[in-house]
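Please have the sequence and the 3D view open while reading.

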Amino acid sequence: MLRLPAVSRALAVRTSARASSNMVEVFVDGKPVMVEPGTTVLQTCEKVGVQIPRFCYHDRLSVAGNCRMCLVEIEKAPKPVAACAMPVMKGWNILTNSEKTRKAREGVMEFLLSNHPLDCPICDQGGECDLQDQSMMFGADRSRFTEGKRAVEDKNIGPLIKTIMTRCIHCTRCVRFASEVAGVEDLGTTGRGNSMQIGTYVEKMFMSELSGNVIDLCPVGALTSKPYAFTTESIDVLDAVGSNIVVSTRGGEVMRILPRLNEDLLKYENILSPFTHTHLQGVQGSEVGAIAGGMVDAEALVALKDLLNRLDSDTLCTEEIFPMAGAGTDLRSNYLLNSRITGIEECDLMLLVGTNPRYEAPLFNARVRKSWLHNELQVAMVGHKVDLSYSYNHLGETTQVLQEIAAGTHPFCKVLAQAKKPVVVVGSSALQREDGAAIFKAVSTIAQNSRASSGVEEGWKVLNVLHRVASQVAALDLGYKRGVDAIRKNPPKVLFLLGADADCITRADLPKDSFIIYQGHHGDVGAVMADVILPGAAYTEKNGTYVNTEGRAQQTRVAVTAPGMAREDWKILRAISELAGVTLPYDTVDEVRRRLEEVSPNLVRYDDVEESNYFKQAHELSKAVNQSLLAAPLVPPQLTVKDFYMTDPISRASQTMAKCVKAATEGAASVDEPSIC
Amino acid sequence: MAAAAVVRGIGSNLSKNLREVRLHLCQISAASQGTRDFIEQHYVTLKTANPEFPILIRECSGVQPVLWARYGFGKEHSISLDNMNADQVAKALESVVNAKP
């Protein structure tokens with residue numbers, strides 16, 4: 001594996017005032033700049049605003065220094081240095097545009113292009129290709145190339161990544177990503193010199209939940225998106241982490257999604273035309289109920305709640321269950337990822353309970369892995385043994401183990417007591433069980449005990465809940481009931497399904513002449529059993545507020561207009577309310593958001609996480625819970641990679657995701673791909 | 001303490017007229033101190049007496065402390081708890097409990 005020792009993390013912004021006394025003075029093109037010792041030449045230049053060209057360097061991966069494009073001249077030094085790897089010394093004058101630097105760049109570019117095929121017109125990366133951009137800016141204007149170029153066979157590494165290895169410039173970003181971030185050491189280099197090839201060597205698929213990210217990393221067109229290539233479709237998975245994306249569209253279709261900080265992708269078939277008819281007039285109280293699914297935005301949730309409240313009904317449920325006993329969802333600290341995703345990088349001990357974060361929240365898992373690699377994080381797990389891409393202490397999968405840790409009799413308790421910043425993460429799937437309240441009580445006890453033990457500082461939060469659906473936190477913030485028990489107990493005559501496709505309630509659970517209305521964008525189960533289908537907008541088609549598992553409210557923006565007669569969900573509900581005679585008091589998105597603020601002000605604090613407290617109170621109430629733990633082992637629903645691709649209605653409707661599942665179960669060769677150049 | 005007496009007085013009657021109670025407060029401002037104290041000292045008692053009733057506590061930095069009460073048919077009423085102490089907060093809660101929608 002091509003890897004040089006990682007440059008130390010001392011370059012990060014979190015330096016104390018003390019460090020300023022040993023800052024080093026360096027000159028970039030004559031301009032002085034002060035930097036911490038250990039900063040590389042490339043970072044120093046970036047600080048001044050000078051971008052040095054590079055291919056293999058990436059600020060989130062370890063330094064390789066093999067492309068040589070970042071060579072710059074240092075005054076009075078005999079040879080140019082690789083800016084990405086060389087730490088600065090006092091008094092250096094970095095010349096980023098001198099004769100020598102320019103000659104070096106032209107030379108490197110000439111070498112890179114000598115074996116690179118003339119594919120620009122047919123290459124997917126054209127227009128956003130680092131090689132194109134840098135050869136225009138830094139390359140020579142004429143070629144001296146008269147030899148023959150080498151060619152390399154394409155590798156089949158899965159249904160998501162299209163590989164044309166002839167274009168590969170061997171920057172090894174994909175290799176380092178797979179090894180460090182994804183934890184899957186499948187990609188590597190074989191051969192040397194002219195015959196060097198990047199691949200898996202054996203016929204193996206790059207089967208990781210983060211595999212699509214290498215498409216974004218690859219600076220040339222060697223690794224591109226197979227679904228996006230030459231077609232109009234692309235695919236996605238949505239989880240409760242709320243990763244930031246940029247949506248690229250063409251015509252009325254979402255073509256692909258690029259990461260902003262992290263990654264998502266999407267394809268869909270929409271329900272196109274509505275049936276306009278409503279049974280809501282004349283219905284009241286417990287005769288009407290609603291279930292909200294996993295991808296509903298906060299505006300729609302509040303509109304639905306207001307609508308039903310005005311009909312004197314409180315039967316609003318989420319599909320995902322959350323224990324009602326104890327403080328339930330009164331206190332936000334009970335159902336959020338309190339330590340935040342950034343808190344993972346500070347903690348020193350993590351206990352995972354009944355969750356497989358690798359497939360439930362892959363980016364959360366990537367952070368844990370980063371912390372495990374660089375900050376010596378210890379991880380322990382109570383639950384079914386799964387491959388998390390990092391090693392952890394498997395304590396067992398029975399609830400017995402959980403009870404022992406809560407009681408203080410398990411040997412792990414000693415380790416927990418010594419941790420300075422422990423974190424306990426319970427998966428929402430564990431809380432869906434019949435004994436969910438008891439599990440929560442046990443976890444809460446463990447969290448309280450470790451807080452009370454030596455060394456944990458006052459402001460540090462230990463208890464965390466990792467959700468799996470994007471709308472759960474917003475629904476809980478707004479006061480929805482958790483789980484469909486309320487509906488089971490008092491089956492309503494009219495049931496409103498807002499994007500609810502998890503098959504929690506069927507016709508059989510409701511009275512014979514009940515009326516079901518389904519509103520959503522990708523109906524599978526829910527739409528099939530409904531009497532009326534109202535097409536709503538998907539998250540790429542509306543300005544919606546979603547709250548992630550940390551409690552951070554974020555906005556989606558309109559990337560494409562919704563097809564056919566589909567409308568934004570809250571507008572549909574507003575229209576229905578008028579027909580039903582209980583008109584909702586808002587007409588614009590801003591008014592809806594003002595209403596959101598009236599219910600829970602953190603919902604409109606975009607991109608911020610609000611601290612929530614009262615753990616002690618929550619714990620006191622949970623102690624009163626009288627449920628006992630069931631003997632069944634804690635098994636999260638997603639265990640291997642083939643479970644990862646079809647977890648919500650959008651991905652279930654996707655062809656590419658189906659191919660991924662097939663490839664994961666039967667091997668790459670089983671997936672039938674049309675052969676395109 | 002007066003607040004404790006008021007809370008005892010309310011007992012299990014939260015759901016008599018109300019459907020939901022929401023408390024908005026700031027985590028650190030002085031104006032929300034009374035509300036914070038009230039929650040710290042009396043929330044558990046209140047919830048134990050009314051285990052099924054939603055008492056949503058929503059902390060958000062910089063907001064003015066407010067008590068929102070929701071009655072049947074979506075009618076809502078709010079009382080500002082700005083600069084009140086825990087006893088006054090309890091009184092405010094009592095008033096919404098007893099008010100007819």
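Phe322(A) is buried, at a relative accessible area of 2% (buried means under 20%, exposed over 50%, partly exposed in between, with a 1.4 Å probe and protein chains only). The model is predicted: local features need pLDDT of at least 70, side-chain atom pairs count only at pLDDT 80 or more, and totals for chains, interfaces and linings use all residues. Residues are numbered from 1 along each chain as its sequence is written, chains are lettered from A and ligands numbered from 1 in the order in which they are written, and side-chain values use heavy atoms, without hydrogens and water.

**Aromatic pairs**
- Over all chains, three aromatic pairs are found (Phe, Tyr or Trp rings, the six-membered one for Trp, with centres within 6.5 Å; planes under 30 degrees apart are stacked, over 60 edge-to-face, the rest tilted).
- Phe322(A) and Tyr335(A) pair edge-to-face, with 6.3 Å between centres and 85 degrees between planes.
- Tyr335(A) is buried too, with a relative accessible area of 0%.
- Trp372(A) and Tyr390(A) form a tilted pair, at 6.1 Å and 40 degrees.
- Trp372(A) is partly exposed at 27% relative accessibility, whereas Tyr390(A) is buried at 5%.

**Aromatic cluster**
- Phe322(A), Tyr335(A) and Phe440(A) make up one aromatic cluster.

**Charges over rings**
- The charged end of Lys149(A) sits over the ring of Phe145(A), 4.7 Å from its centre (NZ of Lys or CZ of Arg must be within 6 Å of the ring centre and within 35 degrees of the ring normal).
- Lys385(A) lies over the face of Tyr392(A), 5.1 Å from the ring centre.
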